Amino acid sequence: MDEGQHAEKTDSPSWTRGALSILVMVFVVIVMAVLLRTFIFVPYEIPSKSMQDTIMPGDMVFSEKVSYYLHGPERGDIITFTDPEVSTRTLIKRVVATGGQTVDLLDGKVYVDGQPIDEPYTGGKPSYALSRTASGVNISYPYTVPEGSVWVMGDNRTESQDSRYFGAIPINTISGRAAMVYWPLSSFGLLS
């Protein structure tokens, strides 16, 4: 009888240690996931055709945050940012100009500081001013991007509401740089 009671006592601490180990492991995994999402990268699903053919609707991308701890956004970066009209929505566009630069749209081409920029990612689609802008936004060209802001445009210029619609976006609304498509596997790769 003493042996049975003794065996019961040794089994109980072993089971408790095992359950505690699992709980600690789950806690560590959750904390790591939160830290990675908060400081390193965030996954997004692309809802629209505004970045087509670079990123297709339904593609899943990782937006990384580390680059912008080291330097500000640069022309050509594909960024994720808070929608100026719907604060709970995240948009994805390409940086075309940064603070202090002047953007102009002439004959379907984008000019930055008076020079046409090479944009092979647009597939030759023209870049024209939009006939309608967001409520309270007035954009005239040439447009000088305010310091602390960037001018963004979708690669699919004929189907994108971007800075031509809502104006330049403040840098502090940027959540990261879109770094790679991870799903579907047929589209897997780094973004540039």
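1. The predicted model holds six salt bridges, a salt bridge being a side-chain nitrogen of Lys or Arg within 4 Å of a carboxyl oxygen of Asp or Glu. One of them joins Arg-177 to Glu-64, with the closest N and O atoms 2.9 Å apart. Because Arg-177 lies in strand β11 (residues 174-183) and Glu-64 in strand β2 (residues 60-64), this pair ties together parts 113 residues apart in sequence. Strands are DSSP runs of E with at least two residues, and helices are runs of H or I with at least four, numbered from the N terminus.

2. Arg-94 and Asp-155 also meet in a salt bridge (2.8 Å, N to O). Arg-94 is in strand β4 and Asp-155 in the loop between β9 and α3 (163-166), 61 residues apart. Both residues are buried, that is, under 20% relative accessible area, where exposed means over 50% and partly exposed in between (1.4 Å probe, protein chains only).

3. Seven of the nine residues of β4 (residues 90-98) are buried, so the strand is largely enclosed by the rest of the structure. Five bridges join β4 to the antiparallel strand β3 (residues 78-82); strands pair if DSSP finds at least two bridges between them.

4. The mean pLDDT (the predictor's confidence in each residue, from 0 to 100) is 86 for the chain. Helix α1 (residues 2-39) has the lowest mean of its elements, 68.

5. Residues are numbered from 1 along each chain as its sequence is written, and side-chain values use heavy atoms, without hydrogens and water. In this predicted model, local features need pLDDT of at least 70 and side-chain atom pairs count only at 80 or more, while totals for chains, interfaces and linings use all residues.
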